[in-house]
Amino acid sequence: MSPIHNLPLSRRRLLTALAAGTASLAMLRLMSNPARAAGRKNFSLRAAPGRARLVPEPHGETPAWCYNDAVPGPELRVRQGERLRVTVENALAEETTVHWHGLRVPNAMDGVPHLTQRPIGVGETFVYEFDAVDAGTFWYHPHQRSFEQVGRGLYGPLIIEEADPPRVDREVTWVLDDWRLTQSAEIGEDFGNRHDMSHGGRIGNTATINGRVPEEFAVRRGERVRLRLVNAANARIFGLDFQDHAPTVIALDGQPVTPHEPAGGLVVLGPAMRADLILDMTAEPGSRVQVIDRFYQDLEYRLIDLAYDDAPLRDSAPNWSVALPANPLPEPDPATVRRHEIVFNGGMMGDMVMREMGGSMGEGGSSGMMGMMHGDGIWFINGKAAEGHVLDPMLTLERDRSHVIAMTNATAWHHPIHLHGHSFRVISRNGAPTIHREWQDTVLMAPRERVEITFVADNPGDWMFHCHILEHQAGGMMGVIRVA
């Protein structure tokens, strides 16, 4: 296969507890009582085979799987507090579902086959209905055989607008993806192969923005753009370098964060992760600036050019506020949290890494964990490989209580770990407190890294918890966390 494109309660604690309870109650009222929503928006999605113009001529269109005949599917856009009603028709030759990634929805609307719903059969329809509790950048995709269904093009952005968004000249959504294409612009058929599962997942040879190999993005000096980034790739981690531009991160995974420049100048997004950027166009009129993906060492490539018009919009960047209003997330109480430990293991070189880390993994170390491992999978969570979506809970969390989950990546590979139904604060990495204590729903863990997250388990039900490198998920790195 050849590549086509180069790629006693203190007052503070009491107030914290009251705030958490109020936020939790508000969310549940919105979820359970449609009359409280500001209004309802109706959408329809039809999943079916189609064709997409992924690469430019002389290559032909690519056979793909589409929502509403497009890759990505239509951008669903509502205001915070509105209610969505989405009718999904399955015109594929196999079952499917739709998962609303990052949205705090009722469990029955989460789109996990056999766990939260019966899959949508061939020729059937299913209606998802839920409230837009949080403003932010989200997306939707199947959770049924997602390593292939997402890999063939089934995904789309979902934008929930703030009541009072920051002032910008333009707002743009970029859905990032990569594809494993043949010279005839067809999608490679080697989905779910063991090599991809045991290594870094299905990395493609052709990168796209909004379903097309991008050439340029037209801008003007002095322009301020809100750029919403969604990583819809099966496995590729993007590390975007905007070069002389200095993007400001204002949200991660849909949740507002203290505005800041990205560490090392790179906007790093693992699969399923999102970032909202404020990007001020500061280069000279008529110039071109490359945006380069630098995540993988020695495999850098130009993603797109920022192409400046000859006429500037203004001489310098505007001095407008960029901070976003907070979403109604309950704040965890560090004085009353319950702690839980999770270890990820497996994959190529997994045994070696476990032995290396044995002394830092607590009682039992690597030998204890390796002795616990069972199942036919490639990847393991606390010694168990998932087989399908119907699983006994790996953890049961007391509802409306604060929890910390300490996660150890005892593997040689990165893993974007996603929890359904909740957002969590990332509070430490390798024992050091995080700078921004960012809210996320998918956290990227480096090899041998230890990460702690905390949240209030306020959304009842059985929730998937898995790596969002979709081949890793299919290879066993998936579990269920019960909130009861």
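User: What makes residues such as Ile209 and Ile304 contacts of tryptophan 174?

Analyst: In this predicted model, contact requires heavy atoms within 4.5 Å. Leaving out residues up to four places away in sequence, tryptophan 174 touches Ile209, Asn210, Phe217, Leu227, Arg228, Leu229, Val230 and Ile304.

User: What is the place of Trp174 in the largest nonpolar core?

Analyst: That core has 34 residues, and Trp174 and Leu240 touch the most other members. Strand β19 (residues 301–308) gives the core its largest share, 5 residues. A second, separate core of 28 residues includes Phe344, Val443, Ile453 and Phe465. Membership requires a buried residue of a listed nonpolar type, joined through side-chain atoms within 4.5 Å.

User: Why is strand β9 called largely enclosed?

Analyst: The cut-off for a buried residue is under 20% relative accessible area. In β9 (residues 170–179), 8 of the 10 residues are buried, so the strand is largely enclosed by the rest of the structure.

User: How do you know that β9 and β12 are paired, and in which sense?

Analyst: Pairing needs at least two bridges between the strands. β9 and β12 (residues 224–231) have 7 bridges, in the parallel sense, therefore they count as paired. Within β12, leucine 229 is the bridge partner of tryptophan 174; Leu229 is also among the contacts of tryptophan 174.

User: Why is alanine 457 called buried?

Analyst: Its relative accessibility is 0%, and the limit is under 20%, so alanine 457 counts as buried. Alanine 457 lies in the loop between β29 (450–456) and β30 (461–467).

User: Which residues does alanine 457 contact, leaving aside neighbours within four places in sequence?

Analyst: The contacts of alanine 457 are Leu397, Glu398, Arg399, Asp400, Arg401, His403, His422 and Val483. Leucine 397 is 60 residues away along the chain, yet the C-alpha atoms of alanine 457 and leucine 397 are separated by 6.7 Å.

User: How much of the protein chain counts as buried, and what is its accessible surface?

Analyst: Of its 484 residues, 58% count as buried. The accessible surface comes to about 18,800 Å², and carbon and sulfur atoms account for 50% of it.

User: How many helices and strands does the chain have?

Analyst: The protein chain has 6 helices and 31 strands.

Notes: Residues numbered from 1 in each chain as written. Predicted model: local features only at pLDDT ≥ 70, side-chain atom pairs only at ≥ 80, totals over all residues. Heavy atoms only, no water. Helix = DSSP H or I, 4+ residues; strand = E, 2+ residues; numbered from the N terminus. Buried < 20%, exposed > 50% of the residue type's maximum accessible area, 1.4 Å probe, protein only. Areas by Shrake-Rupley, 256 points an atom, 1.4 Å probe, with all protein chains shown as cover.
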